[in-house]
Amino acid sequence: DHGYGPDIDHVLLSARQIEEKIEELAATIAEDYAGREVLLVGVLKGAVMFMSDFARALRLPTQMEFMAVSSYGSSTSSSGVVRILKDLDRDISDRHVLVLEDIIDSGLTLSWLLKNLGGRRPASLEVCTLLRKPDAVQVDVPVKYIGFDIPNEFVVGYGLDYAERYRDLPYIGTLKPEVYST
Ligand code: PRP
Ligand code: MN
Ligand code: MG
């Protein structure tokens, strides 16, 4: 586990559980999008692992775009004030856009992103998130595809970071409290 073992409190989702869920999501989405060309929009950096595994599991021709946004706030929560660090390279008008996120926590990042992307007149716009936390339910963001509903704990791994670390962990887990206090 890349030497991160001592920092991890417990494993929430194993690499195997993540892989199985992605296969399941991909099967559903492949059916829903049959005959359409999908444009995957990955939200950097958290969604990179999910994007790369999902794109290969989805046995449909897809194209990939990435957007990087940053919410002002502490490293463990977001504020809803979002700024674009990297915009899409191409026009998405008349495209079938599927936004891929690693996690929806407060829902503020996604809520902002959907308004922004929706204004670019895509043919369709849906969201697939690997993880969703309980608070996200309070914000009115339409999320069609959800991998796992998880408890309100701070999680890392499989793209998710704490202060830019742990993204390379192959599983998703929680950190020991002392990791935050140093
Ligand atoms: C994290 C995560 C989501 C967002 C969810 O990204 O990857 O994109 O926060 O939080 P919210 O629902 O409360 O808005 P972050 O801003 O940490 O950037 P990163 O993906 O580069 O880690
Ligand atoms: Mn993110
Ligand atoms: Mg982050």
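Two strands count as paired if DSSP finds at least two bridges between them. Helices (H or I, at least four residues) and strands (E, at least two) are DSSP runs numbered from the N terminus. The model is predicted: local features need pLDDT of at least 70, side-chain atom pairs count only at pLDDT 80 or more, and totals for chains, interfaces and linings use all residues. Residues are numbered from 1 along each chain as its sequence is written, and chains are lettered from A and ligands numbered from 1 in the order in which they are written.

**View 1. The open sheet of 3 strands is ordered 1-9-8, with antiparallel pairing.** Strand 1 (8–13) and strand 8 (155–156) are the edges, each having a single partner strand, so one side of each lacks a neighbour in the sheet. Strand 8 is joined to strand 9 (residues 172–175) by 2 bridges, and the two run antiparallel. Val 156 is opposite Gly 173 of strand 9. Strand 1 and strand 9, also antiparallel, are joined by 4 bridges. Ile 8 has Leu 175 in strand 9 as its bridge partner. In general, strands of a sheet pair through backbone hydrogen bonds, either parallel or antiparallel.

View 2. Ile 18, Ile 22, Leu 25, Ala 26 and Ile 29 are the buried residues of helix 1. An α-helix has 3.6 residues a turn, so residues three or four places apart point the same way. A residue is buried with 20 or more other C-beta atoms within 10 Å of its own, exposed with 12 or fewer, and partly exposed in between, C-beta atoms being placed from the backbone. Arg 16, Glu 20 and Glu 31 are exposed on the other side of helix 1. The buried residues pack against strand 1, helix 2 (48–57), strand 6 (124–132), strand 7 (145–149) and strand 9, where contact requires C-beta atoms, placed from the backbone, within 7 Å.

**View 3. Ligand 1 is surrounded by 18 residues.** A residue belongs here if its C-beta atom, placed from the backbone, lies within 6 Å of the molecule. The closest are Lys 45, Gly 46, Asp 105, Ser 106 and Thr 109. Strand 2 (38–44), strand 3 (62–71), strand 5 (96–104) and helix 3 (108–118) each supply at least two residues of the shell. Strand 5 gives the largest share, 4 residues. The shell divides into 6 nonpolar, 7 polar and 5 charged residues. Ala, Val, Leu, Ile, Met, Phe, Trp, Tyr, Cys and Pro count as nonpolar, Asp, Glu, Lys and Arg as charged, and the others, Gly among them, as polar.

**View 4. A cis peptide bond joins Leu 44 and Lys 45.** Its omega is about -5 degrees. Lys 45 lies in the loop between strand 2 and helix 2.

Terms used:
Contact = placed C-beta atoms within 7 Å.
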